[in-house]
Amino acid sequence: MKRSYRVTCAVWSAVAVAWCAGKTASAQDAHFYYPPPQPGSMTITKDVAFAPGDTGKLRMDVYRPSSGEALPTLIFFNGTGLPRSADMYAGWAKIASFRGLVAIVPDLRPDSAAQDFQKLMAYLTAHAAEYKIDKAGIAVYAASANVTTAFPIVEDPRQTAIAAAVMYYGTAPITQFRRDVPVFYVRSGLDRPDVNGSGPGSILALAALANSQNAPLTLVNDASGHHAFEVTDDDGVTRQVIEETIQWVKAAVSRPYLEAVRHGAPEAEVAAQVASGDAKAAVPGYAKLVNDHPDDVRLRLSYAEALLGDKQFEGACAQFERLKGKGLGPRDVGLPAARACMQNGDAELALAWLRTIPRQFLPSDLQEDPMFASLRMRAEFRSLFQQ
């Protein structure tokens, strides 16, 4: 089906396309483009008060599958004034519930959305048993302008109750990503350049920053999707991205997945430090990890390379020495070990390391590497590169 160029001018979207071709629907009347769930597959409890507000109580709608067990939860961050009944959120919540999640659509006031969200989290964790919520599996969805407020909350390390997050076609001023909270980031390919481009604050810039920090962020590009494609683009790609989002949330808040992410977070952090050129910062972290896992040869190799990057050549050589015969790739160990030993003043040991590398895996440009200049005239060194 051809994509529609009608764009919903939604009050919740600060970056939605302002022009419309054909009849324009209101945000509340827009249709959620996904097959509706079967009747009776969930219970919907509306207008649940979760906190006092300045003009009355703050309320939420709770969508729950028929199952009686405690389930993971997806909170729809609704802080830009869109009614809870609008199909943008009600449609999402019904599908999430039909797929096995407890879905929460709360009132979050535009001027105090962050504070209201904290009240919501406090209420949900305190009443988890009542609503059969798995407190260890709470995820947050935010789209468009809501991303500006929600994304920094998600990436705040103090928000330990948030297990995962979904961010749709929006940006935020993030400088440091967490490595213990997986994020599903969706980009609408036909969105505005300031949102999608590679400039500061764009989706691509944020995704690149997360990648450079070795954070668990998954970027999905809906290449032919408009902003708010869930209610503007009635086609198979929209439905596939929605389906993929729900399945990702269920997997990301599962205990095995979260345990793996959180277990790997310390090593992910020091690996990011080395990759960014700050080996000095990584050395203490690697030292602790190696002390805790002395038989992990890959971890020890990374530690040795961090020591090399920090110019602790003697220590690096000692760590490389402990990796002999441990089954690692000969070039993976031999090249950095040779460099460390050369810089530690031990040319013989460096040459011995180079000999451990099969000729076909020895880079030919090593002959011109200034680090090995003192070995160039030696027959043993030249023979390494002879066919």
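**Entry 1: K119**

I looked up the neighbours of K119 first. K119 touches F50, A51, P52 and R109, leaving aside residues up to four places away in sequence. Contact here means heavy atoms within 4.5 Å. K119 sits in helix 2, residues 113-126. Helices (H or I, at least four residues) and strands (E, at least two) are DSSP runs, numbered from the N terminus. K119 is partly exposed, because its relative accessible area is 34%. Buried means under 20% relative accessible area, exposed over 50%, and partly exposed in between, with a 1.4 Å probe and protein chains only. I also compared K119 with L58. They are 61 residues apart in sequence and 9.4 Å apart in space, C-alpha to C-alpha.

**Entry 2: what I am looking at**

I note that this is a predicted model, in which local features need pLDDT of at least 70, side-chain atom pairs count only at pLDDT 80 or more, and totals for chains, interfaces and linings use all residues. Residues are numbered from 1 along each chain as its sequence is written, and side-chain values use heavy atoms, with hydrogens and water left out.

The open sheet has 8 strands in the order 1-2-4-3-5-6-7-8, and its pairing is mixed. Two strands pair if DSSP finds at least two bridges between them. Which strands stand at the edges? They are strand 1 (42-53) and strand 8 (217-222). Each has a single partner strand, so one side of each lacks a neighbour in the sheet. From one strand to the next, the twist averages 20°.

**Entry 3: strand 4**

I looked at strand 4 (residues 102-106) and its partners. Strand 3 (residues 71-76) runs parallel to strand 4, and 3 bridges join them. T73 has V102 of strand 4 as its bridge partner. L74 stands opposite A103 in strand 4. Strand 2 (residues 56-65) pairs with strand 4 in the antiparallel sense, over 4 bridges. There, M60 has P106 of strand 4 as its bridge partner.

I checked both faces. V102, I104 and P106 are buried on one side, and A103 and V105 are buried on the other.

**Entry 4: helices on the sheet**

I found helix 4 (residues 145-154) lying across strand 5 (133-143), strand 6 (164-168), strand 7 (183-188) and strand 8. Helix 4 runs at about 145° to strand 5. Axes are lines fitted to C-alpha atoms, for helices over the stretch in contact, and angles run from 0 to 180 degrees between N-to-C directions. Helix 8 (residues 236-252) packs on the sheet too, touching strand 3, strand 5, strand 6, strand 7 and strand 8. The direction of helix 8 makes about 160° with that of strand 6.

**Entry 5: helix 11 and its partners**

I took helix 10 (residues 279-292) with helix 11 (residues 297-309). They pack at an angle of about 150°, with their axes 9 Å apart. Helix 10 and helix 11 are therefore roughly antiparallel. Angles under 35 degrees count as roughly parallel, over 145 as roughly antiparallel, 65 to 115 as roughly perpendicular and the rest as oblique. The crossing of helix 10 and helix 11 is left-handed. Left-handed means the near helix is turned anticlockwise from the far one by less than a right angle; clockwise is right-handed.

I listed the contact residues. From helix 10 they are A279, V283, Y286, A287, L289 and V290. From helix 11 they are L299, R300, S302, Y303, A306, L307 and G309. The residues of this contact divide into 10 nonpolar, 2 polar and 1 charged. Ala, Val, Leu, Ile, Met, Phe, Trp, Tyr, Cys and Pro count as nonpolar, Asp, Glu, Lys and Arg as charged, and the others, Gly among them, as polar.

Then I turned to helix 13 (residues 330-343). Helix 11 and helix 13 pack at about 30°, with their axes 10 Å apart. Their crossing is left-handed. L301, E305 and L308 of helix 11 meet D332, V333, P336, R339, A340 and Q343 of helix 13. This contact divides into 5 nonpolar, 1 polar and 3 charged residues.

**Entry 6: two positive phi values**

Most residues other than glycine have a negative phi. I looked up two with a positive one. K132 has a phi near 55°. K132 lies in the loop between helix 3 (128-131) and strand 5, and is partly exposed at 34% relative accessibility. K311 has a phi of about 65°. K311 lies in the loop between helix 11 and helix 12 (313-321). At 64% relative accessibility, K311 counts as exposed.
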